[in-house]
Structures are given as structure tokens and as C-alpha cells.
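Please read this short report alongside the sequence and the structure, which are shown just below.

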Amino acid sequence: MLLVRGRAGGTELTGTIYERGEEAPRFKGAPNEDAAYVWVCDEFYEVDSGGSTLEVADREINIAFESPMPRGFDTREQAIDAAEDHVRTQFARIGIEPEDVEVSVEKGHDES
């Protein structure tokens, strides 16, 4: 598995790419089991009230989470490109410029 981590504004978001041969989580909306690479990550957006409080870029905001939208890909490169774009998009949804997000890809540790 690969961890795709975005950092900006004093906070971070991490998602997981499950690689060929690894078992991705199974839940409603998960991609076809035949997908070689599966990307899973939270999605969130800023709300006026309610949600969870998050301090980002020296300001406090409220965010709400959406259900993760797993996506399947044929190649590792496609999965990484989509994951990096997803992470930058989530930060943009809370007011951080995509180019200000530091994205890293690292090998994760399987706990099984």
C-alpha cells in the first residue's frame, strides 16, 4: 500500500492506494475487485456551522466529511496522479491554494 499525504496550513490529509494483490476495504461504492490499484481517502468541505472544528492556516473553520469515494485504476501512475489531485482538491475546498499543498507518496505498513 502507498500512503499519499498532503500537508498545508498546519494540517494534513492522508489517503491510501491499495496495490495489486492487497485487499482494499469493501463497502458500498467500492470499485470492482478487478481494479489493480484502489484509492481511498476522506472528502471534506467547509461549512458555516456544525461539523468538526479544524485549525488551518491560523484560523478556525468547521468542516463536514463526506463518505470516502474509492476509485479503481489500471496503473500505479494513474492512481498516484488521481490521489495527488484529490488531496489538493480537498485543501482547495477549505481555502488553501492547491500549489501550496506539499504532497508526498510513501510506502505504508500493512498491519495484517
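## Contacts along the chain

Among contacts in the chain (heavy atoms within 4.5 Å) between residues at least 6 apart in sequence, 59% join residues that are at least 24 apart. This is a predicted model, in which local features need pLDDT of at least 70 and side-chain atom pairs count only at pLDDT 80 or more, while totals for chains, interfaces and linings use all residues. Residues are numbered from 1 along each chain as its sequence is written, and side-chain values use heavy atoms, with hydrogens and water left out.

## Fold and overall form

The chain has one helix and eight strands, where helices (H or I, at least four residues) and strands (E, at least two) are DSSP runs numbered from the N terminus. In sequence order the pattern is β-β-β-β-β-β-β-α-β. The radius of gyration, taken over C-alpha atoms, is 15 Å, close to the 13 Å that the globule rule (2.2 Å times the number of residues to the power 0.38) gives for 112 residues, so the chain is as compact as a globular protein of that length.

Of the 112 residues, 40% count as buried, meaning under 20% relative accessible area, with exposed over 50% and partly exposed in between (1.4 Å probe, protein chains only).

## A closer look at Met69

Met69 is found in the loop between β6 (59-66) and β7 (71-73), and it counts as partly exposed because its relative accessibility is 48%. Leaving aside neighbours within four places in sequence, Met69 is in contact with Trp39, Cys41 and Glu43. The C-alpha atoms of Met69 and Asp42 are separated by 7.5 Å, although these residues are 27 residues apart along the chain.
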